[in-house]
Amino acid sequence: MPVIAPMPAAGPARIPAQAQGADESMTEAGTSVDHLTETYRAHYRSLLGLAALLLDDTASCEDVVQEAFIRVHSARKRVRDPQKTLAYLRQTVVNLSRSTLRRRILGLKLLTKPMPDMASAEEGAYDLLERDALKKALRGLQRRQREVLVLRYFADMTEAQVAESLGISLGSVKAYGSRGIAALRVAMEEPA
């Protein structure tokens with residue numbers, strides 16, 4: 001249900017001459033509260049429809065239309081021609097709808113971006129345990145087997161480069177590598 005400005009309380013009866021003079025001064029000073037309220041009541045649905053064309057949810061539309069009434073009511077002295085009251089209300093609805101959309105867009109831009117998928121602490125702990133177990137297993141290998149495997153797989157050298165670095169034959173690199181991997185498998189499968 002829309003919030004509607006309360007009707008002014010009925011005052012003491014006026015003498016017709018005084019009432020006519022008061023209405024003229026009210027028109028000169030701006031639109032009257034009664035005229036503004038009647039215009040709002042008569043055109044509430046059309047103002048709500050205007051806001052609905054610009055915004056996407058009913059609650060925001062109702063808020064914008066009510067805020068438009070409040071703003072035009074507080075600035076009613078600037079509405080010199082009472083016939084333009086509806087135009088002022090419409091323009092205020094449009095401006096408030098734009099402001100609402102701007103705030104929404106700004107809010108979406110300022111939302112924090114989600115963190116990239118990261119490994120959990122548990123996964124990191126398992127990786128660390130596996131790395132420690134691999135280091136321990138490597139230390140248990142023969143010196144040549146360990147050297148061949150480290151240069152071949154951790155330093156990413158070819159078999160020929162490993163043979164040249166260690167000063168051994170290509171066949172020896174293959175043999176040490178094969179035996180070293182077999183020993184690592186056995187060591188890594190054993191319970192600690």
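Biologist: Where does Arg 179 lie?
Modeller: Arg 179 is in helix H8, residues 170-189. Helices (H or I, at least four residues) and strands (E, at least two) are DSSP runs, numbered from the N terminus. This is a predicted model: local features need pLDDT of at least 70, side-chain atom pairs count only at pLDDT 80 or more, and totals for chains, interfaces and linings use all residues. Residues are numbered from 1 along each chain as its sequence is written, and side-chain values use heavy atoms, with hydrogens and water left out.

Biologist: Is Arg 179 buried or exposed?
Modeller: Arg 179 counts as exposed, because its relative accessibility is 51%. Buried means under 20% relative accessible area, exposed over 50%, and partly exposed in between (1.4 Å probe, protein chains only).

Biologist: How far apart are Arg 179 and Leu 141?
Modeller: They are 38 residues apart in sequence. In space, the C-alpha to C-alpha distance is 9.5 Å.

Biologist: New topic. Which helix holds Thr 39?
Modeller: Thr 39 sits in H2, residues 33-54.

Biologist: And why does Thr 39 count as buried?
Modeller: Because its relative accessible area is 10%.

Biologist: What does Thr 39 touch, leaving aside neighbours within four places in sequence?
Modeller: Thr 39 is in contact (heavy atoms within 4.5 Å) with Thr 85, Leu 86 and Leu 89.

Biologist: What do the buried residues of H2 pack against?
Modeller: They pack against helix H3 (58-74) and helix H4 (85-110). The buried residues of H2 include Leu 36, Tyr 40, Tyr 44 and Leu 47.

Biologist: Where is the kink in H2?
Modeller: The kink is centred on His 43 and is about 65°. That bend is the angle between axes fitted to the seven residues ending there and the seven starting there.

Biologist: Now H5 and H6. At what angle do they cross?
Modeller: The axes of H5 (residues 121-139) and H6 (residues 143-154) cross at roughly 140° and come within 10 Å. Axes are lines fitted to C-alpha atoms, for helices over the stretch in contact, and angles run from 0 to 180 degrees between N-to-C directions. H5 and H6 are therefore oblique to each other. Under 35 degrees is roughly parallel, over 145 roughly antiparallel, 65 to 115 roughly perpendicular and the rest oblique.

Biologist: Last one: how many helices and strands are there?
Modeller: The chain has 8 helices and 0 strands.
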